Amino acid sequence: MQRKVAAIDGRGQGVCLEETMPALGPGEVKVRVEASLISPGTELGRVGAMRENPQLDRPPRPFGYTNAGVVEEIGAEVEQFEVGQGVACMGGGYALHADWACVPQNLCVAIPEGVSFAEAASVHLAATGLHAVRRTAPLYGENGVVVGLGLVGQFTAQFAQLSGCHVLGADRFARRLDIARQVGIECVVDPAVQDMVEQAGEFTQGYGMDFGVIAFGGEASDALETIYQSLKQAPDTHRMGRIVLVGGAQVTHGFGSALGNVDVRSAARTGPGYHDPAYERGQAYPEVFVGWPTQRNLAECLRAIAAGKLRVQPLYTHEFTLEEIAEAVDVLVESPDEALGVVLKPARR
């Protein structure tokens, strides 16, 4: 069986390939993909450099890790799903931008009634934001700041507010700030034109932030310092709170007295289980020790979408067919101020 799959070639261009469909393995489901969502940072972060220094001998690399569709076949040892069921899927190398995919069952979750395939295709990025919020250990009424309002940042900000926290979101792209306002983020700030520390003080009525999240990749030392200066301050002048980094951020900062009593935490992916082959294909973790593994986080994301609490559709700015992957990549790479959520849908014949 042949399938179509999106790839990035050595010139940094999107191309649509045809390849042999991988064999369905034990603990996997074969999915007819109806929609997938591009993650601009993780998937396309290096494309700009590739376009400046093309490697013409580099073969195209298939990409994508979050999609949704219909189960068409189940492998041995699959008991969670049945043929004809709608599922949201995740996982690098599995939930590709393609028209067909084979995905381990614990990286899939049933789509609730009322949730579209396009909305469900956000599940990997939404769960990444949810896990980041869990790492902040939020308490009802706390103040938090999310720096970087890409897709993961948008989901992080929403989940923090759904946890009962007051959230300030910051980004330099006006479109992202507008989208954050549209989904109900309490306060949005453009750090290029506004003093974030001053805005944080006003937003928290002088109390200070309890936590902050850095939701973008690359150099983030300035962002960490800004969040640090925004945190609540003890009478001994030490800052207090938690800072979570989700994604590929890199920071340089002093510790000890230079950081005060601040916890710096990493949020890895979608929660426990992802990249454990045994878990991915069906082996459960003991619930008493692992309360929120990846699949449970995925299910919570879709439950929040179905309930109208987590708003996904406003994050989507463009839609293309799978065969139009070149245009989809171009708009994200060349117009990051205009594009955010880009959905791909296979053109069924």
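A pocket, as I use the word today, is an open set of grid points where a 1.4 Å probe fits, with protein on both sides within 12 Å along at least five of seven lines. Keep that in mind. The model is predicted.

Start with the second largest pocket. About 260 Å³ of space lies in it. Thirteen residues line this pocket, and those closest to its centre are L130, F159, L162, E300 and A304. Which helices each supply at least two residues of the lining? Helix 4, at 123-136, helix 5, at 151-162, and helix 10, at 294-306. Eight residues are nonpolar, one is polar and four are charged.

Helix 11 covers residues 325-334. Its buried residues are I325, A328, V329, V331 and L332. Down the axis of helix 11, these buried residues fall within an arc of 165 degrees, so they line one face of the helix. The background is simple. An α-helix has 3.6 residues a turn, so residues three or four places apart point the same way. And what covers the buried residues of helix 11? The cover includes strand 1 (2-8) and strand 2 (14-20). It also includes helix 1 (40-44) and helix 2 (47-52). Strand 18 (316-321) and strand 19 (341-345) are part of it too.

Helix 7 runs over residues 196-203, with M196, Q199 and A200 buried. They cover an arc of only 100 degrees around the axis, which puts them on the same side of helix 7. These buried residues pack against strand 9 (143-147), strand 10 (166-170), strand 11 and helix 8 (221-230).

Look at the ends of helix 7 as well. D195 caps the N-terminal end, with a side-chain oxygen 3.0 Å from the backbone nitrogen of V197. After the helix comes Q205, and its phi is positive, near 55 degrees.

On to two buried polar side chains.

First, N67. This residue sits in strand 5, residues 66-74. N67 is at 0% relative accessibility, so it counts as buried. What lies 2.9 Å from a polar atom of its side chain? The backbone oxygen of L96. Leaving out residues up to four places away in sequence, N67 touches V33, A35, S36, A88, C89, A95, L96, A101, A120 and A121.

S36 belongs to strand 3, residues 28-37. Its relative accessible area is 3%, so S36 is buried. The side chains of S36 and H97 make a polar contact of 2.8 Å.

Now the loops. E186 lies between helix 6 (174-182) and strand 11 (187-189). Buried, exposed or partly exposed? E186 has 45% relative accessibility, so it counts as partly exposed. A polar contact of 3.0 Å joins its side chain to that of H166. Beyond residues up to four places away in sequence, E186 touches Q161, C165, H166, V167 and F203. For scale, take G114, 72 residues from E186 along the chain. Their C-alpha atoms are 27 Å apart.

A268 gives another pair. This residue is in the loop between strand 17 (261-267) and helix 9 (277-280). A268 is partly exposed, at a relative accessible area of 46%. A268 and V246 are 22 residues apart along the chain, and their C-alpha atoms are separated by 6.7 Å.

Last, two backbone angles to check on your screens. E77 has phi near 70 degrees, a positive value in a residue other than glycine. E77 is in the loop between strand 5 and strand 6 (86-90). It is exposed, with a relative accessible area of 65%.

T237 is not a glycine, yet its phi is positive, at about 80 degrees. You will find T237 in the loop between strand 14 (232-233) and strand 15 (239-246). The cut-off for exposed is over 50%. T237 has 51% relative accessibility, so it counts as exposed.

That is the tour. Questions, please.

Definitions and conventions
Residues numbered from 1 in each chain as written. Heavy atoms only, no water. Buried < 20%, exposed > 50% of the residue type's maximum accessible area, 1.4 Å probe, protein only. Helix = DSSP H or I, 4+ residues; strand = E, 2+ residues; numbered from the N terminus. Arc of directions from axis to C-beta. Contact = heavy atoms within 4.5 Å. 1 Å grid on protein atoms, 1.4 Å probe; cavity = no way out; pocket = protein on both sides within 12 Å on 5 of 7 lines; lining within 4 Å. Points joined across faces, edges and corners; volume = space filled by probe spheres on them. Nonpolar A, V, L, I, M, F, W, Y, C, P; charged D, E, K, R; others polar. Polar contact = N/O pair within 3.5 Å; in protein donor to acceptor, adjacent residues only side chain to side chain.
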